[in-house]
Amino acid sequence: MKPILLIIGLGLLVGASILLAGDAVVPVAAQGSASVSFRRVVTSNGPVLYPTSLAAGDINGDGIPDLAVVGNEDPFLAHGLGKGDGHFDHWGNSGGTGGAPFFVLLADVDGDSNLDAVTGDAMQPVVAVAFGNGKGNFNRGIKLHTGVGFAVNQVAVADLNGDGIPDIVGTAVPIGYDPGNIFVLLGAGNRKFKKAIHFSSGGTEPSGIAVGDLNHDGIPDLVVANVGTQQGGDYGSVVVLLGKGDGTFDKPVRYRVGKDPYSIVLKDFNGDGNLDAGVVGPDQEKNTLRVVLGNGDGTFGAAKAYPSGLYPISIVSADFNGDGIPDLAVANYASPKPCHVSIMLGNGDGTFQPPLQFRVGVSPRQLVVADFNHDGKPDLATLTGYSGITVLLNTSQFPAHPPH
């Protein structure tokens, strides 16, 4: 089975392995990387009031990324077709969701090469899958019970047991202060799934989840951000669960990566062939992101902190300036104006430069990366205000001869 990386995405449990890493802030000097720039495109009247999540993907097969948006006050899946210039039209609401959709992901769940919409519910332990027809619409789909917690936080899609059929894994919102849990819905083919199985998240209030092969065994592993409850000094953790290849996982191994870790991204930041992790959370005291570098055996080194702008709430990674080095983008969930998305350019050794800020609408939340205007450069989109969507089109001058 090929290595898998899909992203993708609120204590300590007895029996979890514990590895606590450092938390020092590292001063970073600029390394002379190419500059980066963006042009703002604002969609002021979005399709959903008080949106909570968005996802990007080509749902109609025209080669241009489209958007899906949900909000837990509107029980439907809103989706708009990209025009190729950072704007979207032909908004529709076909596709089933739960009663209060909170998170949305576009992925091919049934293996027909069409993107489907996977949504998690904010008021019940339910994941809904609306199957796409490849022409820009979805059916009512199916509802899958996770069997844990009272709601769903985030989900990811990957083949966890090597049978060639996509599976669904996600984080559950716990009841009270019970330890957090992870659920796995193994695909059975023909748009059917087996009964959910559960694993400890190694902490409390699990939120962000990412899937990738951390130890080069060809089996997907999990990395989970536990926000924590701050009860008894539990300020959260990032946890690694190594996959066994049958859809189950080893005991969680815990890392300290700053206060209230919420959103996580996996990428090889230093070019050594091992997956690393970038983590942010709504810690207003320090306003930093943490990076942990992978050792290639399923473990991470000590966390290093970098400035991220105010109130970092969502993190993604791409090469935004065309120098062949992964960079980071963070949504700074702040209000009132001015509000920003911050770009931290990578130095290629796993360190990052100070943030460059780009204006967006009020209180940017979840970030997604896609090439919305089909020019070969990664762009950004984020939810803003009461119903807005702000797109940042990448206008950076890429090198004439991209680095190898």
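1. Phe 199 and Phe 249 are both buried. Buried stands for under 20% relative accessible area, exposed for over 50%, and partly exposed for what lies in between (1.4 Å probe, protein chains only). This is a predicted model, in which local features need pLDDT of at least 70 and side-chain atom pairs count only at pLDDT 80 or more, while totals for chains, interfaces and linings use all residues. Residues are numbered from 1 along each chain as its sequence is written, and side-chain values use heavy atoms, with hydrogens and water left out.

2. How many aromatic pairs are there? The count comes to ten. Rings of Phe, Tyr and Trp (its six-membered ring) pair if their centres lie within 6.5 Å; planes under 30 degrees apart are stacked, over 60 edge-to-face, and the rest tilted. Phe 199 sits in strand E18 (residues 197-200) and Phe 249 in the loop between strand E21 (237-241) and strand E22 (253-255), so the pair ties together parts 50 residues apart in sequence. Helices (H or I, at least four residues) and strands (E, at least two) are DSSP runs, numbered from the N terminus.

3. Tyr 306 is buried, at 1% relative accessible area. Phe 352 is buried too, at 1% relative accessibility.

4. Two further ring features deserve a look. Phe 38, Phe 320 and Phe 358 are linked into a cluster by ring pairs. Arg 191 lies over the face of Phe 131, 4.2 Å from the ring centre. A charge sits over a ring if NZ of Lys or CZ of Arg is within 6 Å of the ring centre and within 35 degrees of the ring normal.

5. E18 also belongs to an open sheet. Four strands run in the order E13-E14-E15-E18, with antiparallel pairing. Two strands pair if DSSP finds at least two bridges between them. Strand E13 (151-158) and E18 are the edges, each with a single partner strand, so one side of each has no neighbour in the sheet. Strand E15 (residues 181-185) pairs with E18 over four bridges, in the antiparallel sense. Asn 181 stands opposite Ser 200 in E18.

6. Which residues lie nearest the centre of the largest cavity? Of its ten lining residues, these are Val 257, Lys 259, Val 280, Gly 281 and Arg 290. Strand E24 (276-280) and strand E25 (288-292) each supply at least two residues of the lining. A cavity is a set of points on a 1 Å grid over the protein atoms alone where a 1.4 Å probe fits but cannot get out; lining residues have an atom within 4 Å of a point.

7. Check two backbone angles. Phi of Tyr 311 is near 50 degrees, a positive value in a residue other than glycine. Tyr 311 lies in the loop between E26 and strand E27 (312-318). Ser 363, likewise not glycine, has a positive phi near 50 degrees. Ser 363 lies in the loop between E30 and strand E31 (367-370), and is buried at 11% relative accessibility.

Notes. 1 Å grid on protein atoms, 1.4 Å probe; cavity = no way out; pocket = protein on both sides within 12 Å on 5 of 7 lines; lining within 4 Å.
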